[in-house]
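Student: I would like to learn how to read a model of this kind, feature by feature.
Tutor: Then let us take the chain as a whole before its parts.

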Amino acid sequence: VGRVIMSRYITGTGNLAGAPELQHNDQGRAYTYARVIVADRYQDANEQWDDGPATGYDVVVRGKEAENLVAIAQASGNVKVVFAGRLRETPWGNADKGGINRSVSADLFGYAGVGQTLTITKGSGQAAHEDWQPF
């Protein structure tokens, strides 16, 4: 228990489970963990599409994107988001009770316009991806 069982690159679309909290690392750089709930679509034997089980991902968002995400989530609730990054799956617990923690270090994070109204303003031109990892 506690070892990484899988690491791969994924993309996902889902809704925030709640408003994330803005944090800062030792160098004062902003980041947050956004809990994103994703339900993948599957095609059954009759070629009908259905929603699969909901899966939660803890998506690490950094820099100005983290600051923007926290502000948007506080103002708008569980907005639909898109993300891409390195997935790290780590088991927790024991044989009787446990599960898998899914963390994604986001290289890309944005908002899905389907089913919601978005207002976008141009930023200051600051680099979108800072070269550091909180995990």
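Student: What pattern does the protein chain follow, read along the sequence?
Tutor: Helices (H or I, at least four residues) and strands (E, at least two) are DSSP runs, numbered from the N terminus. Here the pattern is β-β-β-β-α-β-β, with 1 helix and 6 strands. This is a predicted model, in which local features need pLDDT of at least 70, side-chain atom pairs count only at pLDDT 80 or more, and totals for chains, interfaces and linings use all residues. Residues are numbered from 1 along each chain as its sequence is written, and side-chain values use heavy atoms, with hydrogens and water left out.

Student: What is the mean pLDDT of the protein chain?
Tutor: pLDDT is the predictor's confidence in each residue, from 0 to 100. Its mean over the protein chain is 84, and 83% of the residues reach 70 or more.

Student: Which residues of α1 are buried?
Tutor: Buried means under 20% relative accessible area and exposed over 50%, with partly exposed in between (1.4 Å probe, protein chains only). In α1 the buried residues are G63, A66, L69, V70 and A73. They lie on the same side of α1 because they cover an arc of only 95 degrees around the axis, the arc being that of the directions from the helix axis to the C-beta atoms. A75 and S76 are exposed on the other side of α1. For the protein chain, 31% of the 135 residues count as buried.

Student: How many residues does helix α1 have, and what follows α1?
Tutor: The expected span of a helix is 1.5 Å times one less than its number of residues. Helix α1 (residues 63–76) has 14 residues and reaches 20 Å from its first C-alpha to its last, close to the 20 Å expected. After α1 comes G77, with a positive phi near 85 degrees.

Student: In which sense do β3 and β4 pair?
Tutor: Two strands pair if DSSP finds at least two bridges between them. Strand β3 (residues 30–43) and strand β4 (residues 49–62) are antiparallel, with 12 bridges; R35 has D58 of β4 as its bridge partner. Their hairpin has 5 residues between the strands, and E47 takes a positive phi there, near 65 degrees.

Student: How many bridges join β4 to β6?
Tutor: β4 and strand β6 (residues 98–111) run parallel and are joined by 3 bridges. V59 has V104 of β6 as its bridge partner.
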